[in-house]
Amino acid sequence: MMRLRRYWPVAASALAVIVLQAALSLTGATYYMTQITMSAYYALVVIGLCLLMGYAGQASLGHAGFFAIGGYTVAYMTTVNLLAYHDTGLIRALHWLGLVVQWRNLYGAEVLSFSPWPAFLAALVLTGLIAFLIGLPVIRLKGHYLAMATLGFGLIVYRVVLGTKGLGQADGLSNVPPFHLIPGLEVNGRSSFRIENYYIAWVTVLVAMVLAINLVNSRVGRALRSIHQSEEAAHSLGVNTYRYKLAVFVLSALFAAVGGALMTHYNGSIGPSEATVMKSVRYVAIVAVGGMANLWGAMLAAVLLNFLSLRGVFGTYDDAVFGAILILIMLFAPQGLLRVPKWHAVAALGRASSRALHKVVRGRTTYGGRPHG
Amino acid sequence: MNFPLIVQYGLSGITVGSIYAIVAVGFNIIYSTTGIINFAQGEFLIIGAMTAISLYQILPLWLAIALAVIVTTILGGLIEVVFIRPARDASVLRLIVITIGLSILIREAMLHIWDEKVHFLPYFTGTATSTITVFGAHFSPQVLWVLGVSAVIVGGLTIFFRFTLLGRAMRACADDRMAACLCGINDRWMVTLSFMLSAGIGALAGCVISPVTQTQYDMGAPLAIKGFTVAILGGLGNSMAAVVAGLLLGLLEAFVVSQFASAYKEAVAIVVLLLVLVIRPTGLFVRREIGALRAA
């Protein structure tokens, strides 16, 4: 019974998605679906970041970097022209395996490049590998140090995509072909594919949500939450904190890479703006609005805020809105806008007890505690 | 590379490095009283320079700079009272996120108050073309202003923290807040004061560097990253070491630019930051055991 209760929001969301599509189609406002689809891909990044920040308590200011690595990998592999090498043994072997395809781009030129599926898998492997190698040293750091280190990683990714000729520098990569998932179903940004892609994006998001919910409610999830509450306590109880933190760091990077790769196929292009620090900060702001350790809140906030931002509702105040959201939420509603009273009380109790424990153990107060209490 | 060229790159490295050092000192002042890193530290330099540039339209240069420093100092205090003080009991994660939000808000506010164009103050003495020649290297007299003002800031702070009652009270607060409170020190105002102080020195640094590097609304974040790198390199809270570390980073950047494409310049600080964080997060100048105690 308990198990099923966990999933009713998935069913409710699926229903809402269908109702929304029907309503948009009836009113003829199907053009909204384009931004909703893009928002759904951004939501994938946020779901991953929510696992890392909300549940494991580790800040990352570099998730736009992972999104960009995923997107740029598929963009590069599906647009790079291997025609000059088509006679070499390697390319012939790839051709025979069906890993490369010959197609005509927008300008009518012949292009021989990797098919989307191998490019997609390569993007996941590459992002996972980079996240693992970066996480290996960085995830040992705490608080400011971790935030600054991930920020530094994000900046390097931005500098690399901005400075590398093969990645299009400031223009980015365009002409990315559609992604044929299975025959008859493709990630394609053309308006005739709008409804199809709306569902592809939402099925991806809901699958990601189910994965995340299962993870959070498993042994791993409990370990992560124990790390968030008190890393020392978790460690002393035999939780291998380092390994869990590294694993969730890589997993959240993979979520971001999936979002980046699918979004790039959907838009047909990707540019350096996807890798900016401001994008990373945005994802953090959205997780905060959702209530940090609240997957549904994060997902809803991601779709809503990105949709409004993509529609241009905030105008020239776009970045300022996200900055203001960060401050207001952190000052007045650190548990997020969607309050779940039961969970609230438990969290407050946990915090109060750990604070009291801290005071007893350390015998001195820091800025984190009440100076006069 | 011949000798004059080495002197040339060395001088430009020291000039930029001394500004990084001032940013790092700003980080340290706030860190030692509150234990948080103020991600909006770089924005203080830009606010100071932009305000001075606007005031210079109607006022003499020295008065414009003095007023800009005062305005930024007050702003720093206001920011602490309005945004940081209410979240005093929050976790480090929450406080970091608040200062990140602040840096974005300040940057966007500057974009709307001024514009996205590059602005600059005039050279304090001489013009953009006047040079001083030393050992065959040419440099602008503004370089002397930058080095002089940085030295005065660091020297002044040292005297302030060591010999004045207020400075000692701030140090006491940083050392042990509870004990300082028992001695009758108002710890909340010490925190506000630390924000005012680091905003003020940031504004002054922003003004002296403006003729050389020019000023744009979004230059705060890169400065903050470099200042943070320097602060970590010297060991958080250690202002004297930050000066040495600042000069080191400035020189390193200057010589990387002399040998490689200037596109790599931005990456130097970040690579240094990541290396120091991973290998020696307590900084270069702290003995390992002491660092471990402090980090705990």
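Author: Asn175(A) sits in the loop between helix 6 (143–163) and strand 3 (179–182) of chain A. Helices (H or I, at least four residues) and strands (E, at least two) are DSSP runs, numbered from the N terminus. This is a predicted model, in which local features need pLDDT of at least 70, side-chain atom pairs count only at pLDDT 80 or more, and totals for chains, interfaces and linings use all residues. Residues are numbered from 1 along each chain as its sequence is written, while chains are lettered from A and ligands numbered from 1 in the order in which they are written.

Because it has 14 C-beta neighbours inside 10 Å, Asn175(A) counts as partly exposed. The cut-offs are these: a residue is buried if 20 or more other C-beta atoms lie within 10 Å of its own, exposed if 12 or fewer, and partly exposed in between, with C-beta atoms placed from the backbone.

Another loop of chain A, between helix 11 (277–290) and helix 12 (295–310), holds Met292(A). Met292(A) also has a positive phi, about 55°, although it is not a glycine. With 24 other C-beta atoms within 10 Å, Met292(A) is buried.

A positive phi turns up in a hairpin too: strand 1 and strand 2 of chain A have five residues between them, and Gly108(A) in the turn has a phi of about 80°. Strand 1 (residues 100–104) and strand 2 (residues 110–114) of chain A run antiparallel and are joined by five bridges; two strands pair if DSSP finds at least two bridges between them. Val100(A), for instance, has Phe114(A) in strand 2 of chain A as its bridge partner. In a regular strand, side chains alternate between the two faces of the sheet.

Now for a glance at chain B. Arg188(B) lies in helix 8 (residues 187–213) of chain B. Arg188(B) has 15 other C-beta atoms within 10 Å, so this residue is partly exposed. Along the sequence Arg188(B) and Arg85(B) are 103 residues apart, but in space they are 8.0 Å apart, C-alpha to C-alpha.
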